[in-house]
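Q: I would like a close look at a single part of this model, followed by a connected account of the contacts in the rest of it.

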Amino acid sequence: MAGKKFSRTWLTPVVAVLVAFAIGALLIYIQGADPLKAYQSLFSHAFGSWSGIAKTLGKATPLVLSGLAVTIGLRAGLFNIGVQGQLVTGAFAAAWAGYFIHGLPIYIHLPLALIFGITFGAGVGLIAGALKAYRGIHEVITTIMLNSIILALVDYLAGHVFQEPGQILARTPHILPSATIPKIFSLPSGFFFAILLAYGVWWVFQRTTSGFRLETVGRNKSAAWYAGISVKRAVLIAMAVGGGIAGLGGGIESLGVIGRFEPTFNTGLGFDGITIALLGRANPLGVIPGAILIGGMRGAAASMQFDAGVAPEIVDLILALVLFCVTAPFLAKWLKSTEVGAKITSGWGN
Amino acid sequence: MSALLEITNVTKTFPGVVANESISVSVSAGEIVALLGENGAGKSTLVKSVFGMVRPDSGEIRIKGELIAPGDTGGAIARGVGMVHQHFQLVPVMTVTENIILGDEPKRGIFINIKAARAEVIALSEKYGLEVDPDALVEDLPVGTQQRIEILKALRKDVDLLILDEPTAVLTPQETDELLQVMKNLAASGVGVLFITHKLREVMAVADRVVVLRNGRVAGSTSPKETDEEGLAQLMVGRNVVLQVEKGEAKPAAPTLEIKALSVNDDRKHLAVDALDLEVRAGEIVGVAGVEGNGQRELVEAICGMRPRLSGEVLVAGAPTPDMHPHGVHAMGVSHIPEDREKHGLVSSYSIEDNLVLNQFDRAPFAQGWIRNVATLEENATRLVEEFDIRTPSIKTTAGALSGGNKQKVVVARELSQDTRVVVAAQPTRGVDVGSIEFIHNQLIAARDGGAAVLLVSAELDEILSLADRVAVMFGGKIVSILDAKEAERGLVGRLMAGLSA
């Protein structure tokens, strides 16, 4: 029985990915290139060598975290579209702490810089959470608006207030060695941390009272309130924790990969998180394969262009198709499970 | 005379279940046919076949002699068949008028002629004697009134055949009697009525013919003239049922639940409970009888901390309970079987196991600090499923997959398995099958005998009369009379419920 349930749960994401790749192949073929060769190049660069895998996992690290941020929201009945803004805020805050604060040993400086990222990411999430909890404003609206505000704000900060001296580009100074995330066997160590965190989040939902609270609020707010669970607090927690994890993802990018904050990096990480969370069926462990797949494709897109003459944007296209294929059934189900949806779809019961 | 509706040998199987097996039913003009059966007997499936929402495997359905193709969703409606659903199909934020005219609005130019619509609704409601306030918002109205709007909506479309799916499930005795009269009037004017129900009294009162379904088969066809309630009940469940609850003498002790000068507003901010006083002693069942909408719902919600109290207090064993804090009230030993089990009582997508601890998941032994204790949860669920006769394939099954009766047993099991000093049961058997009703009644009596103070609020007068040791009649937000079970005779209680003096 477990096997049957398993296959039914994961059928949608697997089919979604396959369909997206099939349509992608057709588009590559229309371009006049060989789809087989293109995909072969994509996958051998992403997964075929030690250095390829290292690159893939490096790319997957912030994606696991942004996927988790979206997942926590979904579990609590919230659609957190603001992961991009939360992640970028975290990336900026961590980078600032990484270059501005001097004279600390790495075992203090690095965690401190990451805590900066987490705190600021959580703060941004909390704004949307508070607007939802206390004013009833829908989180989709507020997080989209916050995304725009934050992207403009960090652009300004990195281009003016905290710009690297003598630099024309909008970017902060380079972080100090004492805030740089070391690599383990040439693998970015942030990845292992992200996996541990995914497992931790899964465990929290599976086994703890806090996870049960969030999940109950996500499934039936009236029943949650009636059972003594504070809906407001659950919304605040889900948005703050999601924002914090996104902020951590941004911090790991700044401190482990980019070495500073630069607004042109980090683009799309939060939005890929939505695809990954939905591919993972809002399961915290489910984000891992999705993040690795998408991380690999992102990392190897340029090599594919070199080998097969296919524009790297084809990867964006395939990911858009994945999102499209995976959301259609998911949205239908979500609509049915929410209170409004239940009103629309009810009628013929018992 | 040819039949309006002729269902012949309809069979429908779902994976693992035969929902309908070779069922034949016909309804002629001017006739009331009752389709009687327990929950899950196959009544709804049969009606869905008529409307094309279920495709029968075999058999045929004719309306006015014309064959309706399987899966033809518009065929029945186009031929003048109207339907009143068990679950409301109303837009809560719209007014009564807007809901009734929805889909076929009187127009002036491109605008809705709301004045004409309003007049039409008033005329309609007078014609059938179904009183509604055309300007009220549907979301503010009690369920009984919402049901009335559903019926008006169906009646507006000049129907020849009206199908009513458990229409009285949510109505008060008075509203039910009114509806039964409406059905008779409709039949007298030549409309055919197919009345789906599991209530014997109503069948006896209005039906010309009765078709009894059991486990997807026709268990028998009869008429009220040829049989009585006992006979129908036997056909329905296939065994003798005890309609009268058997219980011993109550041994009441000190008052455990004390309600003092409690005032509460309803959703429209009108006073619904007016300085109400009531005491329930340990070891007795006090039944609150009243026409729905006289403040019973508000009373229950205020006691259980789900609705703000304007003034007054609610004491449990002498200690004041918190306002607007359902969990806090619960923690003082107040078990509550809520009126709306789907909204408050259960999380339908959760397993039975999780639903059984919904309001105590964070307490020992179900959690140790932050960690939920999986072994205890399973133990608890396995024990309660057995003890409360919850019919389910597994404790991991989601509550939403259960039948109405079993859902309610999950709620009852959770509430009554805890250490409880007070039980507040609101409409505990609404939409529940006969077998489960009997079980739930016995559980309430067991709670009483275990020393709990039980407050029972029900729109089913029979339920109150057979369970309660004392009957408190509620009218206009006050308890107008408290009767001993011995002196609470049906006619007397009915008069008091209507606001007349004894």
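Which helix of chain A gives the most to the nonpolar patch?

A: In this predicted model, the helix in question is helix 1 of chain A, residues 2–30, which contributes 8 residues to the nonpolar patch. The patch lies on the surface and is formed by A:Leu11, A:Val15, A:Val19, A:Ile23, A:Leu26, A:Leu27, A:Tyr29, A:Ile30 and A:Leu317. Together these residues have about 820 Å² of accessible area. A:Tyr29 is located in helix 1 of chain A, and this residue counts as exposed because its relative accessibility is 59%.

The contact between the two chains may be considered next. Here 25 residues of chain A are in contact with 39 residues of chain B. Chain A and chain B bury about 3,000 Å² between them, with carbon and sulfur atoms accounting for 63% of that area. The interface of chain A and chain B holds 1 salt bridge. A:Arg213 and B:Asp362 form a salt bridge in which the closest N and O atoms are 2.9 Å apart.

Within chain B, the domain assignment gives domain 1 (5–237), domain 2 (243–333 + 419–502) and domain 3 (347–417). Between domain 2 and domain 3 of chain B the count is 0 salt bridges.

Over all chains, the count comes to 37 salt bridges. One of the pairs in chain B is B:Asp160 with B:Lys64, at 2.5 Å from N to O. This pair links parts of the chain 96 residues apart. B:Asp160 counts as partly exposed at 31% relative accessibility, as does B:Lys64 at 38%.

A further pair is B:Arg470 with B:Glu284, whose closest N and O atoms are 2.7 Å apart. B:Arg470 lies in strand 23 of chain B and B:Glu284 in the loop between strand 14 and strand 15, so the pair ties together parts that are 186 residues apart in sequence. B:Arg470 is buried, with a relative accessible area of 15%, and B:Glu284 counts as buried at 1% relative accessibility.

Key
Residues are numbered from 1 along each chain as its sequence is written. Chains are lettered from A and ligands numbered from 1 in the order in which they are written. This is a predicted model: local features need pLDDT of at least 70, side-chain atom pairs count only at pLDDT 80 or more; totals for chains, interfaces and linings use all residues. Side-chain values use heavy atoms; hydrogens and water are left out. Patches are made of residues with over 30% relative accessible area and no salt bridge: like charges are joined within 9 Å, nonpolar side chains (Val, Leu, Ile, Met, Phe, Trp, Tyr) within 5 Å. Accessible areas come from the Shrake-Rupley method with a 1.4 Å probe; for residues, only the protein chains shown count as cover. A salt bridge is a side-chain nitrogen of Lys or Arg within 4 Å of a carboxyl oxygen of Asp or Glu. Helices (H or I, at least four residues) and strands (E, at least two) are DSSP runs, numbered from the N terminus. Buried means under 20% relative accessible area, exposed over 50%, partly exposed in between (1.4 Å probe, protein chains only). Domain bounds come from an automatic or database domain assignment. Contact means heavy atoms within 4.5 Å. Buried area is the accessible area (1.4 Å probe) that two parts lose on being put together, summed over both.
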